[in-house]
Amino acid sequence: MLLRRSELAVPAANDNMFAKAAASDADLVFLDLEDATAPAHKVAARAKVITALNELDWGRTARAIRINGLDTVWCHDDIIEVVTAAGRNLDTIVVPKACTARDVWWVDLLLTQLEAKLGLERKIRLEVLIEEVEGLANAEQIATASPRIDALIFGVGDFSLSQGARVDTNFVPLGDYPGDFWHYARNKVLVAARIAGIEAIDSPYPDYADLAGYETEARRSSLYGYTGKWAIHPDQIAVANAVFAPTADEIALAERNMAAYREAEARGLGAVGVEGVLIDAAHVKMAQRTLDRVALINGGSPA
């Protein structure tokens, strides 16, 4: 399992940013061959990506690329060239604008052929962006389309365009709206991810100078069940890492409930009251999830 509290986006053409990104505290860095790289530089950027994957020390940071869309002239060669030259040092491919399960199937099949041809023993993972209305409608089928998929990502920017929403450059509605404008889309992506047993990663926050706003949005998404968020600037990394980690109070509560339940279980009980609250098997599962998360963040393995 990969930790993905923070996923840092880095333009694939801007190799002057690569070393700093690799040395950052981001759980995952993806070198972006798609939207962050201008068409005139997309082909040349592949060589920069390959060099970065093969030569930089990435430490614990997961190494990823975002390929161009399947409907573009660049997508096929993005996969072929990068995997052929740097597949052993590539953890994840981010697939943009997935609309159907067949989109994921195509990438999976191509990777399977490449891994066999190149003798790659470790399978490259996939993260899939839900950022089109068609993709949202098919989110459950997309999420379960391949065993390679580790996460679904809600891509609010292109989704805004696809839906025709009237929003500003930070994808905030241009008028009063009660609650989270993107609640339905966020929750549907999350539910689809949970059906597949994979993670859900929240969208980018373009106003990178507004760290308070970024934190507010991240905290709201974490309450839904999202386990990470994109960062488009290094300053956002620490915020995401903190928000998507259990708090000291959550850890203490998990440990208390686990201990109380185990003690009750040893006495033949299936539930126990702790400070006026009934603790049963569901609470134990919640506690175990919290403690597994702590173990993963600390570099260990979940129990």
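This is a predicted model: local features need pLDDT of at least 70, side-chain atom pairs count only at pLDDT 80 or more; totals for chains, interfaces and linings use all residues.
Residues are numbered from 1 along each chain as its sequence is written, and side-chain values use heavy atoms, with hydrogens and water left out.

The unreviewed UniProt entry assigns the feature "binding site" to Glu131 and Asp158; such annotations may be inferred rather than shown by experiment, and feature names are shortened. The two positions are spread over 28 residues of sequence, yet cluster in space, with a largest C-alpha distance of 5.4 Å. Glutamate 131 lies in the loop between β5 (125–130) and α5 (133–137), whereas aspartate 158 belongs to helix α7 (residues 156–163). Helices (H or I, at least four residues) and strands (E, at least two) are DSSP runs numbered from the N terminus.

Beyond neighbours within four places in sequence, glutamate 131 is in contact (heavy atoms within 4.5 Å) with Pro96, Lys97, Gly155, Asp158, Phe159 and Ser162. Its side chain reaches the backbone nitrogen of lysine 97 at 2.7 Å. Aspartate 158, with the corresponding sequence neighbours excluded, touches Asp35, Lys97 and Glu131.

Strand β5 contains glutamate 127, which is buried at a relative accessible area of 0%. The side chains of glutamate 127 and arginine 4 are joined by a polar contact of 2.5 Å (a pair of N or O atoms within 3.5 Å; within protein, one must be able to donate a hydrogen and the other to accept it, and residues adjacent in sequence count only if both atoms are side-chain atoms).

Methods. Buried means under 20% relative accessible area, exposed over 50%, partly exposed in between (1.4 Å probe, protein chains only).
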